[in-house]
Amino acid sequence: MFSTITAEAHCDVPCGIYDPTAAKVAAKTVLRMVMQLKEIAPPKDTDSSDPAAMTHYHNMLVRRIWIKEEQARLCKQELSILWSDFFKPEHLEQYPEIHDLFWKSLKLCSKNKQEADQEAAEKLCELVDRIAEIFYTVKKAPERFEAYKQITDKLF
Amino acid sequence: MRLPNLLFRVKVSGESCWPHLIPGKKYFATSVARKRAGDFIVFRQDSGQRIYVKRIREVLPAGFRVESTLSWGEGSAELGVIKKRQVLGRILNI
């Protein structure tokens, strides 16, 4: 007698709290670590036979490599959440590049773990920015993209 | 702690002057040697007790503009121009 329809009241937990800023901070940290790794020189000849100096040198490198690894992993996690949980089919219709953009970004996270390549780190920041631009557009808050850029571009 | 004037030892803490100054290593310093650009000087914070070691970037009439040797370390942009009265000495054995 009566037809039944399904009305979705679905909501993720935590509801609606998505933002690309964490991914950008992680990507910028990766870039910062790569730049520092390039700058840290081995001890000078006069100190190269000093075990403490060599240990410190290795520690300086490993700490940055570890941070780079961890932040690239975190960036991948943050992007994956946006991709799988925030973006919906209607967003894909509006921005057909979304899948390719995320796929390339996640691949770049892996590349940044494997290598210490400044170009790859800069490219990751660039792709995260594009994701953020789309994110704030579909959130109908373009002014937040400007705020995001102002904050994350000046992290260092 | 009172530091001796002519010759004293400095134990470096922190990596801002890497690889010229090794953290944990002890260096000799003197208060009497002339200070020029490129020298590493030991100085006391203008207000406070912290003691720093940095490289002289530029000698000014009022003192010294200093820098770290790693780009992310502090220098005169953060610490200001180091007045001559703040300087305890110059590192000798680099």
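User: What length does H1(A) reach from its first C-alpha to its last?

Analyst: In this predicted model, helices (H or I, at least four residues) and strands (E, at least two) are DSSP runs, numbered from the N terminus. H1(A) has 19 residues, and 27 Å is expected at 1.5 Å a residue, where the expected span is 1.5 Å times one less than the number of residues. The reach from first C-alpha to last is close to that expectation, at 27 Å.

User: Against which helices do the buried residues of H1(A) pack?

Analyst: A residue is buried if 20 or more other C-beta atoms lie within 10 Å of its own, exposed if 12 or fewer, and partly exposed in between, with C-beta atoms placed from the backbone. The buried residues of H1(A) include A:Ala23, A:Lys24, A:Leu31 and A:Val34. The partners in packing belong to chain A and are H2, helix H4 (98-114), H5 and H6.

User: Is A:Lys140 buried or exposed?

Analyst: A:Lys140 lies in the loop between helix H5 (118-138) and helix H6 (142-152) of chain A. Although not a glycine, A:Lys140 has a positive phi of about 60°. Because 7 other C-beta atoms lie within 10 Å, A:Lys140 is exposed.

User: Which element gives the largest share of the side of chain A that touches chain B?

Analyst: Two residues are in contact if their C-beta atoms, placed from the backbone, lie within 7 Å. By that criterion 13 residues of chain A are in contact with ten residues of chain B. On the side of chain A, the elements giving two or more residues are helix H1 (21-39) and helix H2 (51-86). The largest share, four residues, comes from H2(A).

User: How do the residues on that side of chain A divide into nonpolar, polar and charged?

Analyst: Ala, Val, Leu, Ile, Met, Phe, Trp, Tyr, Cys and Pro count as nonpolar, Asp, Glu, Lys and Arg as charged, and the others, Gly among them, as polar. For the side of chain A that touches chain B, the division is seven nonpolar, two polar and four charged.

User: What ipTM does the predictor give the complex?

Analyst: Residues are numbered from 1 along each chain as its sequence is written, and chains are lettered from A and ligands numbered from 1 in the order in which they are written. Because this is a predicted model, local features need pLDDT of at least 70 and side-chain atom pairs count only at pLDDT 80 or more, while totals for chains, interfaces and linings use all residues. Chain B averages a pLDDT of 93, and 95% of the residues score at least 70, pLDDT being the predictor's confidence in each residue, from 0 to 100. The complex has a pTM of 0.87 and an ipTM of 0.82.

User: What is the radius of gyration of chain B?

Analyst: Chain B has one helix and seven strands. The globule rule, 2.2 Å times the number of residues to the power 0.38, is compared with a radius of gyration taken over C-alpha atoms. For 94 residues the rule gives 12 Å, and the value for chain B is close to this, so chain B is as compact as a globular protein of that length, with a radius of gyration of 12 Å.

User: Which strands stand at the edges of the sheet in chain B?

Analyst: Two strands pair if DSSP finds at least two bridges between them. Seven strands form an open antiparallel sheet in the order S1-S2-S7-S3-S4-S5-S6. Each edge strand has a single partner strand, so one side is left without a neighbour in the sheet; these strands are S1 and S6 (82-83).

User: Which residue of S7(B) is the bridge partner of B:Ile41?

Analyst: S2(B) and strand S7 (residues 87-91) pair over two bridges, and B:Ala29 has B:Ile91 as its bridge partner in S7(B). Strand S3 (residues 40-44) of chain B pairs with S7(B) over three bridges, in the antiparallel sense. The bridge partner of B:Ile41 is B:Arg90.

User: Which residue in S6(B) stands opposite B:Phe64?

Analyst: Strand S5 (residues 63-67) of chain B and S6(B) pair in the antiparallel sense over two bridges. Opposite B:Phe64 stands B:Ile82.

User: Which residues does B:Leu79 touch, not counting residues up to four places away in sequence?

Analyst: B:Leu79 is in helix H1 (residues 76-79) of chain B. With 18 C-beta neighbours inside 10 Å, B:Leu79 counts as partly exposed. The residues touched are B:Tyr52, B:Val66 and B:Glu74.
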